[in-house]
Amino acid sequence: MKKVRTRFAPSPTGYMHIGNLRTALFTYLIAKQNDGDFILRIEDTDRERYVEGAVDVIYKTLKQCGLQWDEGPDIGGPVGPYVQSERMGMFKKYAVDLVDKGEAYYCFCDKERLDTLKAQCEAEGRTYSYDRHCRCLSCEEVKAKLDAGTPYVIRQKIPTEGQVTFHDELYGDITVDCTELEDQILIKTDGMPTYNFANVVDDHLMGITHVVRGNEYLASAPKYNLLYKAFGWEVPTYIHVEHIMKDKQHKLSKRDGDASFEDLMNKGYLTEAVVNYIALLGWAPKGEEEIFTLDELIKEFDIHGLSKSPAIFDPLKLTAINAKYIKKLTPEKYMEYATPYIRQSVKREDIDISRICSLLQDRTEVFTDIPEKVDFFDKLPEYGKELYVHKKMKTNEENSLEALESIVPVLQGIDDKDWNEETIHDKLFELIAQKGVKNGVIMWPLRVAVSGKMSTPGGAVEIAALIGKADTLERVAKGIELLKNN
RNA sequence: GGCCCGUUGGUCAAGCGGCUAAGACACCGGCCUCUCACGCCGGUAACGCGAGUUCGAUUCUCGCACGGGUCACCA
C-alpha cells in the first residue's frame with residue numbers, strides 16, 4: 001500500500017483559528033496512525049493578505065500542540081519547496097500542458113468586459129457565470145494575441161453537459177451537473193495560480209494521499225475531480241469537516257476574540273486541554289473515555305467518528321476538561337503555571353506559595369480564576385457581618401462574636417515557633433471539645449474573620465498558618481470589632 | 001436566488017430497521033467536609049414536521065421547514 005501522506009496548508013494570516021488547528025490535528029492524526037508523513041505547506045499566494053511573521057505563528061502553535069511535521073519549509077524534504085510562493089514557476093507549465101491537451105484555454109477577456117457581463121447578468125436577475133467567450137478562439141487568434149503581449153488568464157474547460165461525481169470519505173458521493181460549474185481560472189494575469197489550481201498540483205506533486213479541509217470547499221470539490229481527470233492523476237482521499245460555531249448561526253470569529261489558539265492561551269487554558277477539546281468538536285470516540293493525550297488520540301481517532309453537522313464551541317466544556325488536566329499536573333508543574341497568577345494578587349513575600357498551590361490545584365479550572373481566589377492573603381477585604389451567619393454551621397452574629405473572643409487567647413497561647421497547621425488545628429479542636437460545640441461554630445467564624453470571604457482555598461487552619469500569627473490575630477480582632485458594632 | 005450539505009436533551013454527541021434512545025459538560029438533589037470546591041451517589045432533559053417503504057422507523061425514500069456552505073484573476 002502507498003505510504004500515507006497528509007498535509008496542513010495554512011495561509012499565513014498571523015492568526016491560528018481554532019478550526020484550522022483542528023484541521024491540522026485531524027490531518028496529523030490520520031498521518032501518524034498510518035505511520036505516514038505529515039507535511040506542512042505554506043500557501044501564501046495571496047500577496048495582499050500576507051502578514052509578516054505569520055509563518056512563525058504557525059510554527060509556534062503547531063509545535064506547542066505537539067503536531068510536529070515531517071516535511072516543511074524550515075526542515076525541507078524531498079518534494080520542496082514547501083512555500084507556495086517559491087513554487088510559482090512550476091504551475092504555469094502544468095496549465096499550459098492542459099491547454100495543449102485541450103482541457104484548458106487562454107482567455108483574454110479584460111476586467112471591463114467581465115464587469116459588463118456581470119452587470120448584465122445582475123440586471124437580468126441571472127447568476128453570473130463566465131460566458132466562455134475565449135473558449136472557441138482559433139489557434140491563430142490565440143497566437144496573435146499572445147505574440148502581441150495581450151494579458152491573459154488560463155481557464156479550465158468544463159464539459160458543457162453531463163455530471164461530475166466527487167467522492168468524499170465522509171459525505172459519500174456528491175454529484176453535480178457540469179452546467180453548474182464555471183470555466184474557472186487556473187492561472188491569473190500575473191502568472192500566479194489560483195488557489196484551487198495550486199492546491200491540486202501541489203497535492204499531486206507532494207504525493208498527498210489524504211486531504212482534510214473545511215467544509216467550505218465541498219462545493220468546489222467536483223471541479224477538482226475534473227482537474228485530476230484532465231491531468232490523468234489519481235484523486236486523493238478527501239475528508240471535509242464541518243465548521244466550529246460560536247452559536248447556531250455564527251462561526252467563531254476573530255472579532256469576538258475567542259477564535260484563535262492564542263486567545264485560548266491568554267484565557268488561561270492548558271495546551272493539552274485545548275487539543276483534547278477541539279478533537280472532540282465534531283468527532284466522537286468509540287468508547288466512553290474522552291480524555292486523551294495526543295498519542296492516545298493517534299490510536300483512537302477514526303474519521304468515521306466525524307460529524308457531518310457543525311459543532312458549537314462550548315467554553316464550559318473546555319473549562320471542565322481543562323480542570324481535569326490541571327488536577328493531573330504534578331505539584332511542581334502546577335506551581336510553575338500558577339505562581340505568576342498567584343503573584344498577580346499576592347505580593348507579600350512571607351507566604352508559602354507552594355502551600356497555596358496545594359490548596360488551589362484541585363479547585364482551579366482556569367488559571368485566570370486564581371488572582372481573585374487568593375487576593376485576601378495580601379489584604380483582608382471589606383466584608384459584612386452577614387458572612388458570619390451560616391445555618392448549617394449553626395452560627396449567627398452572637399455566637400460568632402463569642403467564638404472569636406474565645407479563640408483569641410488560644411491563638412495567643414501558641415508560640416511563634418509553633419505556629420503551624422498541626423498546632424493550630426490541635427489547639428482549636430481542644431477549644432471545641434472544651435466548649436462542647438460543633439466544629440463549625442468555631443471554625444466558620446475564624447475562617448470568615450481571617451479571609452473576609454464566603455469561600456476560600458483551604459480552611460481556617462490553613463489560612464491562619466499561611467498568613468502568620470500576627471496577621472491572624474489582627475484579622476480576628478477586626479472581626480470582633482465588626483460584630484460588636486450595633 | 002441556483003447548487004451542495006446538514007437536522008438526536010441547553011451544549012458536545014452514541015446510534016447505523018426492533019434499545020427502558022449511551023456517555024460527557026452544564027443544571028438540580030444527596031453524601032463527605034473546619035468554608036467553598038474536589039470526590040462519590042442519584043435525578044431532570046432529546047430523535048424538526050408531513051407523507052411513504054416495512055410486521056416494525058431515530059435509523060431507508062420523498063416533500064416541507066429550519067440552519068450552514070458556495071456561487072471571485074481570495075485562499
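1. Start with α6 (195-205), whose buried residues are Phe197, Ala198, Asn199, Val200, Val201, Asp202 and Asp203. Buried here takes 20 or more other C-beta atoms within 10 Å of the residue's own, exposed takes 12 or fewer, and partly exposed is in between, with C-beta atoms placed from the backbone. The buried residues of α6 pack against α3, β7, β8 (210-214) and α7; contact means C-beta atoms, placed from the backbone, within 7 Å. Just after α6, Gly207 has a positive phi of about 70°.

2. A word on what we are looking at: this is a predicted model, in which local features need pLDDT of at least 70 and side-chain atom pairs count only at pLDDT 80 or more, while totals for chains, interfaces and linings use all residues. Residues are numbered from 1 along each chain as its sequence is written, and chains are lettered from A and ligands numbered from 1 in the order in which they are written. Helices (H or I, at least four residues) and strands (E, at least two) are DSSP runs, numbered from the N terminus.

3. On confidence, chain A averages a pLDDT of 93, and 99% of the residues score at least 70; pLDDT is the predictor's confidence in each residue, from 0 to 100. For the complex, the predictor gives an ipTM of 0.95 and a pTM of 0.94.

4. Now α3 (residues 88-100), one of the partners of α6. Its buried residues are Phe91, Tyr94, Ala95 and Leu98. They sit on the same side of α3, because they cover an arc of only 100° around the axis, the arc being that of the directions from the helix axis to the C-beta atoms.

5. What do the buried residues of α3 pack against? The partners are β3 (104-107), β4 (153-156), β7 (185-187), α6 (195-205) and α7 (221-231). Just after α3, Gly102 takes a positive phi of about 80°.

6. The α3 and α6 pair packs at an angle of about 95°, with axes 10 Å apart. Axes are lines fitted to C-alpha atoms, for helices over the stretch in contact, and angles run from 0 to 180 degrees between N-to-C directions. The two helices are therefore roughly perpendicular (65 to 115 degrees; under 35 is roughly parallel, over 145 roughly antiparallel and the rest oblique). Phe91, Tyr94 and Ala95 of α3 make the contact with Phe197, Ala198 and Val201 of α6. By class, this contact has six nonpolar, no polar and no charged residues. Ala, Val, Leu, Ile, Met, Phe, Trp, Tyr, Cys and Pro count as nonpolar, Asp, Glu, Lys and Arg as charged, and the others, Gly among them, as polar.

7. Helix α12 (residues 331-345) and helix α13 (residues 353-360) pack at about 105°, with their axes 9 Å apart. That makes α12 roughly perpendicular to α13. Pro331, Tyr334, Met335, Ala338, Thr339 and Ile342 in α12 meet Ile353, Ser354, Ile356, Cys357, Ser358 and Leu360 in α13. The residues of this contact divide into nine nonpolar, three polar and no charged.

8. Helix α17 (residues 439-451) and helix α19 (residues 469-484) have axes that come within 8 Å and cross at roughly 105°. The contact is made by Val448, Ala449 and Val450 of α17 and Thr472, Arg475, Val476 and Gly479 of α19. Its classes are four nonpolar, two polar and one charged.

9. Some backbone spots to check by eye. Most residues other than glycine have a negative phi, and most peptide bonds are trans. A cis peptide bond joins Gly80 and Pro81, with omega about -5°, and Pro81 is in the loop between α2 (54-64) and α3. Arg132, in the loop between α4 and α5 (139-147), has a positive phi near 60°. Arg132 counts as partly exposed, with 16 C-beta neighbours inside 10 Å. Lys394 also has a positive phi, of about 60°, and lies in the loop between α14 (370-374) and α15 (397-412). With 12 C-beta neighbours inside 10 Å, Lys394 counts as exposed.

Methods. Two residues are in contact if their C-beta atoms, placed from the backbone, lie within 7 Å.
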